[in-house]
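Take a look at the sequence and the structure that follow. We'll walk through them together, a bit at a time.

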Amino acid sequence: MVPVDMYLVLATVMFTCGIVGIMARRNLIMVLMSIELMLNAVNIVFVAASRAVNNLDGQIMVFFIITVAACEAAVGLAMVIALYRKYGRIDTNFLRMLRG
Amino acid sequence: MTELLVFHALAGLITLCSIMVVASRNPVTSAVFLVVDLFCVAGLYAQMDAHFVAAIQVLVYAGAIVVLFMFVIMLLNLEPETMQGFRVSAPEVGILLVTIVGFIGVAVTMVLGGPSGANGGMTPEVIEQAGGNTFAVGMVLFTRYLWPFELASILILLAIVASVVIAKKDKPAAKDGAVAGKRSLTNGAR
């Protein structure tokens, strides 16, 4: 049985990749993909912990996280399409109207 | 021993693909690497005896979400992003450090004083006797988590309506003149 801290190391690497993607990329679609990476990292931790403590609640939580991720992707991509139609670009350097 | 080997292979692939998702310039390449990444995560779930979650991962993530990403990337017809200088501000470095420290904290907590493997009750033998992982998860999902499950369906309904409303074409009587030039999406799609 693989010890649980190895899963945590893997999830840390994956989550850090997601955060670096959000910080470095200027394409809104890439930002959404990085969010998916981060959600997956958290899911790995949930399942690993669920197996470590012999409790199925973690897997149920992953089920709900996947549901929310699907909704988030659908609404986010709809917003990307609306923004592209309005401004012609989805550059996060350009889309800073809410930044005050 | 085999389990450890499988874990290391999948973990290496996941790390590689995660880096490639973030690092590749073309969004289509990123999406393809994301598919490989999600499949490897599904394999990791299967290796952890979470078969139901692995199936859901393949169906929903690799089957639906990434296809949605692909559709939007190809619909918008974006050119590869020019990698300008990677300027990181101080708050962003702070967020990154807090993330890594938080994960390390969780790891230390779990390794030192945390799960012993005897406190849950759903041991692999119990799950096997109950009829497999999917059956056990279903029993928990439809008894203790029935109300959140129903709320999830309402959430999905809201997301459907919201995405249709947001991505809908504007009324042609919109009176803003500033955006008139940039209307055409692709040739013939709209």
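Let's say that two residues are in contact, or touch, if their C-beta atoms, placed from the backbone, lie within 7 Å. What you see is a predicted model, where local features need pLDDT of at least 70, side-chain atom pairs count only at pLDDT 80 or more, and totals for chains, interfaces and linings use all residues. Residues are numbered from 1 along each chain as its sequence is written, while chains are lettered from A and ligands numbered from 1 in the order in which they are written.

Start where the two chains meet: 63 residues of chain A are in contact with 72 residues of chain B. On chain A, α1 (4-24), α2 (28-52) and α3 each supply at least two residues of the side that touches chain B. Helices here are DSSP runs (H or I, at least four residues), numbered from the N terminus. The most comes from α3(A), with 24 residues.

Now follow that helix along. With 31 residues (57-87), α3 of chain A should span 45 Å, and its end C-alpha atoms are 44 Å apart, which agrees; the expected span is 1.5 Å times one less than the number of residues. After α3(A) comes A:Gly88, with a positive phi near 85°.

Next, hop over to B:Val137, in helix α6 (residues 133-141) of chain B. Is B:Val137 buried or exposed? B:Val137 is buried, because 25 other C-beta atoms lie within 10 Å (the cut-off for buried is 20 or more). Leaving aside residues up to four places away in sequence, B:Val137 touches A:Leu56, A:Gln59, A:Ile60 and B:Phe52.

How values were computed
A residue is buried if 20 or more other C-beta atoms lie within 10 Å of its own, exposed if 12 or fewer, and partly exposed in between; C-beta atoms are placed from the backbone.
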